[in-house]
Every structure is written in structure tokens, then in C-alpha cells.
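Dear colleague,

Please find below the structure that I am handing over to you, with its sequence.

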Amino acid sequence: MLVYDELKSAFQELGLANKPVIAHASLQSFGYIHNGADTVLQALIDSVKSVIMPTFTYKTMITPEVGPPNNGILYGAEKDLNKMAEPFTLDMPADMMMGILPESLRNHPAAKRTSHPILSFAGIRSDLMLGAQTMYEPFAPIGALANEDGWAMLINVDHSVNTSIHYGEKLARRKQFVRWALVGDRAVECPNFPGDSSGFNAIASYIKPDTRRVDIGEAFIQAISLKRLFEAVQELIKNDPLALLCQRTDCERCNAVRNI
Ligand SMILES: [Zn+2]
């Protein structure tokens, strides 16, 4: 059974005590931990300068009947999902797809959360990063983090959930999308929505020399500096405009990128 001290020493081994961090996690590989997510979160908070996590809320999203062309979406196709959509509120839980750690962070007494209706972030000691977000620049907190020499940390997960790669894609001028979300009784346009991330793991071998990694039994934590990550994403896309896309033939967003 992993305890706080072991988790903390694993996090500390990454050498990020003075760095702000964006973290993504799945806790399963850790096995049983007393007080699970809260213990992992506390060990993380106590080992880095500051932390943010995505607390995205996909159930606010609605799909209109019509909209801009080549937008990686099938208009009018989600009528049943539209009926189930819920207006964003600041206390709306993060999507289950994000795992339970973002919820633990969001519920922490010292945490703040941004109000983007789909792509919100929660953070501790991260007011500068959280304050950078706008409706037009949903991933500005990641850019602000990079300006502060921030790092991306992946806890038992691979780059297919590494949200910061989306920021690199935008720097590489890859196509972004428009989505819509319910806020109150209105549908709000959300520009600069990112592409699909399921092909992102292709970056792993490319950045391996710059990746720090700590193994704890079956579990692992890896971390990469955001500046290096953005450089790598831009290099890959410059060399191959189709880099980091997924291989699914029915992927609306990857196909929209290919169509350009
Ligand atoms: Zn795809």
C-alpha cells in the first residue's frame, strides 16, 4: 500500500519543486492508497511550485443544425445529446473522462477554477495561469504556464491525454474548431476548440531524451518541460503536416485537419 511519504518522494524525484505544473492522472496503477485521490493530490501539491489541471465539462456541449464548414463535426447529428446537455456552472464536476484527481483538486479549499463552459481549469497557487484564460484563448493558462518555465506531468497516463500538446498544435498553426456550450439558457460559441488527441502518443519516442520519469512498481510519473514539448510539436508538424493525427478513418476532427 502506497502512503503519502512514498508518493511525495516519487514526485520529488522529478525535481520540479520550483516549477509550476499541469498534471494529468489515472490513479489505478498505484493500487490501494489510503484516502486515494486526496493523498496523491497533497503529495503533488507539496512537491511542486503550483499545479493546474483540466476540469473540462463536455456535458455542456450542444451541436447545432448548421454551422461553419470543415469544422470537424456532423451538424444535426447529436439531437439526443443536445436534450441531455446541461448549462455550465462553476460547481459542475469535471467530466469522468478526466479521472478523479481533477475533482479532488477542484474540491480543495485552496483551489480556484476558471469559468470556460467546456474547457475550464482548476488550480492551486496558479492565479496568474488561470487568469490568462479567455473564451477566445481557452488554453492560454498553458501558455502562461510555459512562460513561467512550467512542466507537464503525466501520472500513469500517456500523451493521448496531454492537453498541452494542443497548445503546441495551435502554435504550429494547426486548424482549430468552433464548438458550442450552454451557459444559462443560451448557447455560447467557443472558438479555438482543439483537435483530437488520440494520436498524440506518437510524440513519446521523439521527446524521450527530454522526459523525466520515475517508476513506482507498476505505476509511473513522467514530466516534460512545456517549452521543449511545444518545440517538439512544432518540429513534428513542420516536418509532417499530418503528424500526431489519429488513424481512425471516421475521425471528424483529424479528417478536417487533413482536408486543408
Ligand atoms: Zn482523430
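Leaving aside its neighbours within four places in sequence, with which residues is Ser 50 in contact? Before the answer, a note on the basis of this summary: the model is predicted, so local features need pLDDT of at least 70 and side-chain atom pairs count only at pLDDT 80 or more, whereas totals for chains, interfaces and linings use all residues. Residues are numbered from 1 along each chain as its sequence is written, and side-chain values use heavy atoms, with hydrogens and water left out.

Ser 50 and its surroundings

The residues in contact with Ser 50 are Lys 19, Pro 20, Val 21, Ile 124, Arg 125, Ser 126 and Met 129, contact meaning heavy atoms within 4.5 Å. Ser 50 belongs to strand S2; helices (H or I, at least four residues) and strands (E, at least two) are DSSP runs, numbered from the N terminus. With a relative accessible area of 4%, Ser 50 is buried (buried is under 20% relative accessible area, exposed over 50%, and partly exposed in between, with a 1.4 Å probe and protein chains only). One of its contacts, Arg 125, is placed in the loop between S5 and helix H5 (127-130) and has a phi near 55 degrees, a positive value in a residue other than glycine.

The sheet

An open sheet is formed by seven strands in the order S4-S5-S2-S1-S6-S10-S9, with mixed pairing; two strands pair if DSSP finds at least two bridges between them. Strand S4 (112-113) and strand S9 (212-216) stand at the edges with a single partner strand each, so one side of each lacks a neighbour in the sheet. Strand S1 (residues 20-25) and strand S6 (residues 151-155) run parallel and are joined by five bridges, and Ala 25 stands opposite Ile 155 in S6.

The helices

H6 packs on the sheet, where it touches S1, S2, S5 and S6, and its direction makes about 130 degrees with that of S1. Axes are lines fitted to C-alpha atoms, for helices over the stretch in contact, and angles run from 0 to 180 degrees between N-to-C directions. Helix H2 (residues 36-45) lies across S1, strand S2 (50-54), strand S5 (121-124) and S6, and runs at about 135 degrees to S2.

Helix H6 (residues 140-147) also meets helix H9 (residues 226-239): their axes come within 8 Å and cross at roughly 120 degrees. Ile 142, Leu 145 and Ala 146 of H6 make this contact with Leu 226, Lys 227 and Phe 230 of H9.

In helix H7 (residues 164-171), the buried residues are Ser 164, Ile 165, His 166, Gly 168 and Glu 169, and these pack against S1, H6, S6 and H9. Just after H7, Arg 173 takes a positive phi of about 65 degrees. Asp 149, in the loop between H6 and S6, has a positive phi of about 60 degrees although it is not a glycine; at 30% relative accessibility, Asp 149 is partly exposed.

The zinc site

The zinc ion has as protein donors Asp 196 (OD), Cys 246 (SG), Cys 251 (SG) and Cys 254 (SG), which lie 2.0 to 2.3 Å from it. Donors are N, O and S atoms within 2.8 Å of the metal (3.2 Å for Na, K and Ca); water is not among the atoms, so sites may look incomplete. Along the chain, the donors follow the spacing D-x49-C-x4-C-x2-C. The angles among the four donor atoms are 102 to 115 degrees, and the site is tetrahedral (four donors count as such if all angles lie between 85 and 135 degrees). Cys 246 and Cys 254 are both buried.

Yours sincerely

Terms used
Tetrahedral: all angles 85-135°; square planar, octahedral: opposite > 155°, others 65-115°.
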